[in-house]
Amino acid sequence: MYELRCIECRERYAPEEIIFTCKKCNGLLEVWMNLSEIEVKREELEKRMFGVWRYREFLPVGKKTKIITLQEGGTPLYKAENLSKELGVELYIKNEGANPTGSFKDRGMTLGVTKAIELKAKAVGCASTGNTSASLAAYAAKAGIKCFVLLPAGKIALGKLAQAILHGAVVIGIRGNFDVALKLIREASQKFNIYLLNSINPWRLEGQKTEAYEIIDQLVFEVPDRVVVPVGNCGNISAIWKGFKEFYEYGFINELPIMTGIQAEKASPVVKAFKEGKDKISPIEKPETIATAIRIGKPVNAPKALRAIRESRGYAESCTDEEIIEAQKLLARKEGIGVEPASATSIAGVIKLIDEGIIDKGERVVCITTGHALKDPEIVFSRYEKPIEIEPDIEALSSIITK
């Protein structure tokens with residue numbers, strides 16, 4: 001019913017094989033689903049609990065496999081009424097910060113850790129800019145298996161680091177950036193038989209594709225004109241596109257959205273490759289941005305992201321740190337939705353692309369916000385207004401209230 005296929009040479013691999021890249025050409029792998037063998041009606045889906053496992057038939061897990069779940073998914077899709085009026089588009093926010101550990105990574109980890117158990121793994125591991133480590137630590141704890149996470153020392157938001165420690169992961173800081181950490185954990189996974197759960201793992205991305213399923217569900221099986229996604233290691237935008245395509249091929253929808261990827265300006269190899277018409281990125285050796293979750297210079301899933309953008313007739317753009325912070329502030333103060341800086345890149349991107357004429361007035365746009373504001377509180381304290389301190393008397397308070 002499903003198997004692994006190389007996106008480059010189309011070589012096929014059995015689902016029981018623990019493999020992350022093609023043996024033949026070293027290309028990325030993706031899960032191919034035989035949709036003709038799936039039998040489920042929309043009415044059946046609607047009777048189930050809203051969340052990742054509502055779509056079990058579309059997920060590549062054995063029928064008898066024990067599911068490792070924290071009731072992830074089922075995140076709200078807000079209609080951003082105030083911003084819609086201000087920007088002139090019909091704007092929706094798919095708030096992935098409402099997941100159990102506060103980010104979209106939980107969708108991938110419920111599938112990834114379930115698959116690890118199915119494959120009889122004894123330990124799991126990842127490199128992370130923060131959210132992946134927090135999520136994997138939680139799901140590994142639920143599954144009762146050991147978890148190793150490699151993080152760039154001194155460059156992880158405290159909210160995310162605290163989660164990984166809290167859930168009992170073995171947390172290892174390395175003197176280098178995310179790309180260095182990923183290279184090291186990939187080596188360790190082979191040497192020490194640790195099941196790797198970064199987004200190079202195609203099974204993990206199968207959980208993340210449910211973001212697309214839920215968007216369609218929440219829009220009563222209508223398709224948005226455009227979906228805008230923050231882009232870091234590039235797994236999410238490609239997973240969401242895969243989800244839309246599967247619902248299209250299955251017959252649940254009769255059109256597809258435009259996929260738009262947004263990166264931080266100083267960590268934007270995908271945007272550069274897209275605008276130059278290239279199929280491969282030129283890595284950025286020292287990526288820098290306050291949006292720590294997407295501070296990645298050599299995203300492993302870049303070929304998948306570029307394919308998703310081009311197949312969907314989409315676009316890629318970058319935003320400055322200042323534009324990202326302004327978008328974070330705008331979303332919080334206009335719609336009451338608090339997100340970490342990386343999440344706000346999707347909002348910043350929409351604003352920029354409206355100004356550039358890429359997004360048309362009146363478009364129905366869904367922005368993916370990937371992580372909760374409390375993931376990275378340091379940014380608020382360093383970039384926003386400081387609390388006002390006064391003496392405890394009514395006159396001092398009055399001078400502020402009546403100003």
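In what order do the six strands of the open sheet line up? They run E4-E5-E13-E10-E11-E12, with mixed pairing. This is a predicted model, so to speak of local features we need pLDDT of at least 70, side-chain atom pairs count only at pLDDT 80 or more, and totals for chains, interfaces and linings use all residues. Residues are numbered from 1 along each chain as its sequence is written, and side-chain values use heavy atoms, with hydrogens and water left out.

View 1. Strands (E, at least two residues) and helices (H or I, at least four) are DSSP runs, numbered from the N terminus; two strands pair if DSSP finds at least two bridges between them. E4 and E12 (315-319) sit at the edges with a single partner strand each, so one side of each has no neighbour in the sheet. On average, neighbouring strands are turned by 25° against each other, direction ignored. E4 and E5 run antiparallel and are joined by three bridges. Lys 79 has Tyr 92 in E5 as its bridge partner.

**View 2. Helix H8 on the sheet.** H8 packs on the sheet, touching E4, E5 and E13 (contact: heavy atoms within 4.5 Å). Its direction makes about 130° with that of E5 (axes are lines fitted to C-alpha atoms, for helices over the stretch in contact; angles run from 0 to 180 degrees between N-to-C directions). Eight of the nine residues of H8 (210-218) are buried, so the rest of the structure largely encloses this helix; buried means under 20% relative accessible area, exposed over 50%, partly exposed in between (1.4 Å probe, protein chains only). Among the buried ones are Tyr 213, Ile 215 and Ile 216. Their packing partners include helix H3 (105-118), helix H7 (202-208) and helix H9 (235-250).

View 3. Most residues other than glycine have a negative phi. Gln 71 belongs to the loop between helix H1 (42-46) and E4, and is exposed at 60% relative accessibility.
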